[in-house]
Amino acid sequence: MSDHIQHSSPAKTPRKRRRISTTIAALAVLGGAVAVGAPALAHGDGDIRDVALSSADRWISERTPNDAVQKGAESLVRDDGFPGVLAAVKGRDGRTRDYTAGVGDRATGAKPPVNGRVRVGSNTKPFVSAVVLQLVGEGKVKLDAPIETYLPGLVRGKGIDGRKITVRQLLQHTSGLPNYTQYMEQNAFKTRNTYTEPRELLDIALQHKADFAPGTAWRYSNTGYVLAGLLVQKVTGRPVSEEVTNRIIRPLGLRDTYWPGLGKRGIRGPHPKGYDAAQPGGPLGDITSLDPSWGWAAGQLVSTPCDLNRFFAALIGGRVLRPAELKEMTTTVRTENSLPNSSYGLGLFKTSLSCGGELWGHGGDINGYETRGGVTKDGRAVTVAVTALPGAVAKTEQDMLKVHQHVLDLVDTAICK
């Protein structure tokens with residue numbers, strides 16, 4: 001969860017790693033010249049329910065082993081230490097090419113499954129935001145109403161008052177709410193089997209003072225999306241997981257995307273194993289089995305590179321939201337104090353590419369997996385997944401930033417070259 005769930009994805013790591021993770025999550029969204037965002041365009045130009053691809057529309061990277069994307073994926077394994085890499089890239093020719101590198105299981109040496117399922121961390125956020133915006137379109141939620149309207153008396157703390165924090169600010173990371181993942185258990189191997197209730201996640205955040213007054217700054221906070229999930233449940237009377245499934249996943253035909261059920265710690269279907277280290281740069285251990293409840297509406301989903309591409313293509317292409325709500329989602333605020341040359345809408349990052357143009361998406365980090373990518377308006381798309389967080393394969397903060405940048409560089413290469 002871009003901890004991505006950033007921040008991008010939430011990750012339970014030591015205090016020092018938590019601080020670095022936040023930096024990474026942010027950089028991940030915009031790595032240098034490339035913007036890290038998220039998933040991208042769909043595989044085909046047909047109906048969004050038609051997810052099957054003919055052999056003419058899909059290429060497996062082994063057929064073109066010397067291209068720049070394959071080389072970049074292999075470098076992430078050879079030079080940076082990621083166990084495995086998966087990617088799905090849609091080029092200007094309209095075809096989607098699938099790539100893999102490294103291994104999907106360090107114990108057996110088996111290759112990563114093509115388009116395998118991975119935990120996508122904070123790439124969950126655009127799904128949840130889209131559901132909230134659908135409710136806005138239905139007249140059930142108002143973006144500029146205080147969260148107090150829907151969850152009375154729930155949001156209170158030091159400098160924190162739900163009567164002054166709007167729904168828009170929760171989705172936009174301008175609420176000032178402290179990020180709960182910064183204060184969680186340090187070692188994911190110790191907590192991998194622990195189930196956490198959403199209200200517990202909120203309680204963790206509310207023990208700490210506000211980062212700033214609502215609407216006065218931008219700072220990534222997974223807490224806002226826990227509240228967004230609670231909002232969805234209060235307004236609809238149904239679990240947020242069910243709403244995301246029935247409103248987004250099923251209508252778009254995302255057959256490899258799902259919200260793990262209560263207590264489910266494994267990943268269904270073909271998937272590479274995910275790895276983590278108890279200490280930065282320490283020995284890698286298998287962290288595939290993990291209770292992702294602490295990510296919840298901020299980062300619990302499982303998906304594949306191809307499904308993420310299809311989702312973002314449909315979203316940016318206007319097939320998920322009405323024009324008015326899509327305009328709200330893609331109206332961004334500056335994040336320059338945290339992420340230079342990037343801006344954030346309602347669950348979407350907009351960042352610049354080295355070859356010109358903009359990348360729309362998100363990104364996600366959760367123990368064992370990092371996903372990055374994005375979609376352009378001219379139809380290019382990429383999702384890259386690695387099977388460990390940068391903090392697990394790097395020994396120092398400087399190395400971590402480098403390794404993370406290399407993931408972003410591969411996204412840029414796939415889109416621009």
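**Terms and the values behind them**

Author: A search of the whole structure finds one disulfide. The model is a predicted one.

Reader: What makes the link of cysteine 355 and cysteine 416 a disulfide?

Author: The sulfur atoms of cysteine 355 and cysteine 416 are 2.1 Å apart. A disulfide needs two cysteine sulfur atoms within 2.5 Å, so the pair at 2.1 Å qualifies. The link is left-handed, with -70 degrees about the S-S bond.

Reader: Why is cysteine 416 called buried, and what is cysteine 355 called?

Author: Buried means under 20% relative accessible area, and exposed means over 50%. Cysteine 416 has 17% and therefore counts as buried. Cysteine 355 has 39%, which falls in between, so cysteine 355 is partly exposed.

Reader: Where is histidine 173, and how do you know whether histidine 173 is buried or exposed?

Author: Histidine 173 is in the loop between helix 4 (167-172) and helix 5 (188-191). Its relative accessible area is 1%, and the cut-off is 20%, so histidine 173 is buried. Phi of histidine 173 is near 65 degrees, a positive value in a residue other than glycine.

Reader: What is the phi of asparagine 115?

Author: Asparagine 115 has a positive phi of about 55 degrees, although this residue is not a glycine. Asparagine 115 is in the loop between strand 7 (96-102) and strand 8 (118-119). With 16% relative accessibility against a limit of 20%, asparagine 115 counts as buried.

Reader: What makes a set of residues a nonpolar core?

Author: The residues must be buried, come from a list that includes Val, Leu, Phe and Cys, and be joined through side-chain atoms within 4.5 Å. The largest such core here has 77 residues, and Phe127 and Leu227 have the most contacts inside it. Helix 3 (residues 124-137) gives the most to this core, with eight residues. A second, separate core has 27 residues, among them Val382, Val384, Ile415 and Cys416. In soluble globular proteins, nonpolar side chains tend to be buried together.

Reader: Which residues is leucine 227 in contact with?

Author: Leaving aside neighbours within four places in sequence, leucine 227 is in contact with Leu151, Leu154, Val155, Leu170, Leu177 and Leu202.

Reader: How are two packed helices described?

Author: The description uses the angle between the axes and the distance between the axes. For helix 6 (residues 198-206) and helix 7 (residues 223-236), the axes come within 10 Å and cross at roughly 140 degrees. Helix 6 passes helix 7 in a left-handed crossing. In this contact Pro198, Arg199, Leu201, Leu202 and Ala205 of helix 6 meet Thr223, Val226, Leu227 and Leu230 of helix 7. By class, the contact has seven nonpolar, one polar and one charged residues.

Reader: Why is helix 8 called mostly covered?

Author: Helix 8 (residues 240-249) has 10 residues, and seven of them are buried. The buried ones are Val240, Glu243, Val244, Thr245, Arg247, Ile248 and Ile249. These residues pack against helix 3, helix 7, helix 9 (296-299) and helix 10 (305-316).

Reader: How do you know that leucine 133 is buried?

Author: The relative accessible area of leucine 133 is 0%, and buried means under 20%, so the term applies. Leucine 133 is in helix 3. Leucine 133 and leucine 326 are 193 residues apart in sequence, yet 8.1 Å apart in space, C-alpha to C-alpha.

Reader: What makes valine 320 buried, and which residues is valine 320 in contact with?

Author: Valine 320 has a relative accessible area of 13%, under the 20% limit, so valine 320 is buried. Valine 320 lies in the loop between helix 10 and helix 11 (323-329). Leaving aside neighbours within four places in sequence, its contacts are Ala130, Gln134, Ile248, Leu252, Ala314 and Leu315.

Conventions: Residues numbered from 1 in each chain as written. Predicted model: local features only at pLDDT ≥ 70, side-chain atom pairs only at ≥ 80, totals over all residues. Heavy atoms only, no water. Buried < 20%, exposed > 50% of the residue type's maximum accessible area, 1.4 Å probe, protein only. Helix = DSSP H or I, 4+ residues; strand = E, 2+ residues; numbered from the N terminus. Contact = heavy atoms within 4.5 Å. Axes fitted to C-alpha atoms, helices over the stretch in contact; angles between N-to-C directions. Left-handed = near helix turned anticlockwise from the far one by under 90°. Nonpolar A, V, L, I, M, F, W, Y, C, P; charged D, E, K, R; others polar.
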